[in-house]
Amino acid sequence: DRTYLGMGCTNPYQPPGYIDPESDGKSICRKQHRCTICERGIVMQDSLSFLAMRRAELEASRRRMSMTAWLRAAEYQIEQDKLLATLAQFDPGANERATEHWRREIKEGRHFPLEWEGEHDIG
């Protein structure tokens, strides 16, 4: 099973409280876009495209927000910083190509950035 970021998780039913404070321990983590800031996230060799997608999503969200709103939502900046550090583990050229692909997909309306966290029902 993979997360929204194409990563694995050592325990998706028991996310740390700072990641998913509403977790009941019976449902899968609802914050699957925050894996890069979670110590339980596992980066895979084939996670690059998904991580690059999230980078492009955060960039698009940042463009739509005022600087004040972005800074008040400190979690976005933390996520972006950790995401960039995670992406630095990959080949720089492949990283940029993957990110540029997702930037284009968003710009041309074929992909819509994740705007809110949803409920996940795996039942």
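This is a predicted model: local features need pLDDT of at least 70, side-chain atom pairs count only at pLDDT 80 or more; totals for chains, interfaces and linings use all residues.
**View 1. Helix α1 crossing helix α4.** Here we're looking at two helices, α1 (residues 48–64) and α4 (residues 92–107), whose axes come within 8 Å of each other and cross at roughly 50°. That angle makes α1 oblique to α4. As for the hand of the crossing, α1 goes past α4 in a right-handed way.

**View 2. The residues where α1 and α4 meet.** On the α1 side, the contact takes in Leu48, Ser49, Ala52, Met53, Arg55, Ala56, Glu57, Glu59 and Ala60. Facing them from α4 are Ala94, Asn95, Glu96, Ala98, Thr99, Trp102, Arg103 and Ile106. Sort the residues of this contact by class and you get 9 nonpolar, 3 polar and 5 charged.

**View 3. Glutamate 57, a buried residue in helix α1.** Glutamate 57 sits in α1, and it counts as buried because its relative accessibility is 0%, with the cut-off for buried set at under 20%. Its side chain has polar partners, though. One is the side chain of histidine 111, with a polar contact of 2.7 Å. Another is the side chain of arginine 54, joined to glutamate 57 by a polar contact of 3.0 Å. Skip the neighbours within four places in sequence, and glutamate 57 is in contact with Tyr4, Ile106, His111, Phe112, Pro113 and Leu114. Ile106 in that set is also one of the α4 residues in the contact between α1 and α4.

View 4. Arginine 2 belongs to the segment before β1 (8–9). With a relative accessibility of 42%, arginine 2 counts as partly exposed, since that class runs between the 20% and 50% cut-offs. Two polar links stand out for a close look. The side chain of arginine 2 makes a polar contact of 2.9 Å with the side chain of aspartate 46. A polar atom of the arginine 2 side chain also lies 2.9 Å from the backbone oxygen of glycine 6. Leaving out residues up to four places away in sequence, arginine 2 touches Met7, Gly8, Gln32, Met44, Asp46 and Ser47. Take glutamine 32 from that list: it is 30 residues from arginine 2 in sequence, yet the C-alpha atoms of the two are 9.0 Å apart in space.

Terms used
Residues are numbered from 1 along each chain as its sequence is written. Side-chain values use heavy atoms; hydrogens and water are left out. Axes are lines fitted to C-alpha atoms, for helices over the stretch in contact, and angles run from 0 to 180 degrees between N-to-C directions. Helices (H or I, at least four residues) and strands (E, at least two) are DSSP runs, numbered from the N terminus. Angles under 35 degrees count as roughly parallel, over 145 as roughly antiparallel, 65 to 115 as roughly perpendicular and the rest as oblique. A crossing is left-handed if the near helix is turned anticlockwise from the far one by less than a right angle, and right-handed if clockwise. Contact means heavy atoms within 4.5 Å. Ala, Val, Leu, Ile, Met, Phe, Trp, Tyr, Cys and Pro count as nonpolar, Asp, Glu, Lys and Arg as charged, and the others, Gly among them, as polar. Buried means under 20% relative accessible area, exposed over 50%, partly exposed in between (1.4 Å probe, protein chains only). A polar contact is a pair of N or O atoms within 3.5 Å; within protein, one must be able to donate a hydrogen and the other to accept it, and residues adjacent in sequence count only if both atoms are side-chain atoms.
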